[in-house]
Amino acid sequence: MIAVTGASGKLGHWVIQHLLKKVPASQIVAIVRNPAKAEDLKKLGVSVRKGDYDQADSWSQALEGISRLLLISSSEVGKRHTQHETVIQAAKKAQVRHIAYTSILKADVSSLILAKEHLATEQSLRQSGIPFTLLRNGWYLENHTENLAPALEYGAIHGAAKDGKFSSASRSDFAQAAATVLTSEGHENKVYELAGDTSFTLSELADAVSKKANKSVSYQDHSFEDFKKILMQVGLPEGFAAILADSDVGASKGELHSDSKDLSKLINRPTTPLAEALQAAIK
Ligand SMILES: NC(=O)c1ccc[n+]([C@@H]2O[C@H](COP(=O)([O-])OP(=O)(O)OC[C@H]3O[C@@H](n4cnc5c(N)ncnc54)[C@H](OP(=O)(O)O)[C@@H]3O)[C@@H](O)[C@H]2O)c1
């Protein structure tokens, strides 16, 4: 049996979709913290079990009979390493044979604030003795394309990435790679740097948005502090604004860029191009 944690999230949904193309629904378990949010997954025929990263006692039942597990990193920055450790320890007790974990691009050398908890989780996995696969995911294309309404209204994309390149790929691309690792052999104790085949700067993103929307959109670069303030002005909490601004500063140093072709090799096709993601986002 194959299980996916955080299955009610956006990436989790994509992973379940891709798993269903490879194995029968009866072999798939979607682990979610709130089963009421997983009615759509139940309708696909997969089993739904409760597993909350904050409730250690929820995991023995959640992981019963599971041989392969995808641990999707928690969305609660600051609590993540402890939460992931809870799942890893439970997986050890449940004799899970293989854990794949959604980490971050270049986790071992990245200066991004976000990388710290991912690296700590990678270390916990190595220490657990459970065979693992590190899926070091780059940025989602959707981070660039999901919230374009203000950019289109005001004609500007704001950031702090200077001319740093993003090798972003779609959630579906990353999910398909995870499904491949969960359903095929030879991935144990491997580290995959997962990045899009092509890369772009935020100026190039603005140009592509302009072209697609037939409207002038330019990229405006800011300092960390100024970009953080802009993000707070549009309603983001300070902590989250700081993380996003820090990630852009990291991108300016190349932390979200990679020439690795691990992703297209795992999914056996080119990764989703920016133009295709914009096509879906701008109607
Ligand atoms: N590579 C990137 O660009 C990027 C961008 C954003 C995030 N991420 C990371 O990738 C992960 C997956 O991305 P996503 O787009 O699928 O995010 P998402 O839609 O926010 O999904 C996060 C999932 O984590 C679950 N979760 C949060 N706290 C939990 C807890 N205490 N116990 C059990 N489950 C918990 C959520 O459950 P509920 O449905 O109940 O809330 C949800 O299923 C994120 O959590 C984050 O670590 C990566």
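The model is a predicted one, where local features need pLDDT of at least 70, side-chain atom pairs count only at pLDDT 80 or more, and totals for chains, interfaces and linings use all residues. Residues are numbered from 1 along each chain as its sequence is written.

Let's start with helix H1, residues 10-20. (Helices, H or I with at least four residues, and strands, E with at least two, are DSSP runs numbered from the N terminus.) Its buried residues are Leu11, Gly12, His13, Val15, Ile16, His18 and Leu19. Buried is for a residue with 20 or more other C-beta atoms within 10 Å of its own, exposed for 12 or fewer, and partly exposed for in between, with C-beta atoms placed from the backbone. What do the buried residues of H1 pack against? Their partners include strand S1 (2-4), strand S2 (28-32) and helix H8 (171-183).

Now look at H1 and H8 together. They pack at an angle of about 50°, with their axes 8 Å apart. Axes here are lines fitted to C-alpha atoms, for helices over the stretch in contact, and angles run from 0 to 180 degrees between N-to-C directions. That makes H1 oblique to H8; angles under 35 degrees count as roughly parallel, over 145 as roughly antiparallel, 65 to 115 as roughly perpendicular and the rest as oblique. Among the residues making the contact are Trp14 of H1 and Phe174 of H8. By class, this contact of H1 with H8 has nine nonpolar, four polar and two charged residues. (Ala, Val, Leu, Ile, Met, Phe, Trp, Tyr, Cys and Pro count as nonpolar, Asp, Glu, Lys and Arg as charged, and the others, Gly among them, as polar.)

H1 turns up again at the ligand, where it gives the largest share of the shell, three residues. In total, 23 residues surround the ligand, and the closest are Gly6, Gly9, Leu11, Tyr53 and Ser73. That shell divides into five nonpolar, 12 polar and six charged residues.

Finally, check out two loops. Glutamine 95 sits between helix H4 (80-93) and strand S5 (98-104), and has a positive phi of about 60° although it is not a glycine. Glutamine 95 counts as exposed because it has 11 C-beta neighbours inside 10 Å. Lysine 162, in the loop between strand S7 (156-159) and H8, also isn't a glycine, yet its phi is positive, near 50°. With 16 other C-beta atoms within 10 Å, lysine 162 is partly exposed.

Conventions. Two residues are in contact if their C-beta atoms, placed from the backbone, lie within 7 Å. A residue is near a molecule or strand if its C-beta atom, placed from the backbone, lies within 6 Å of it.
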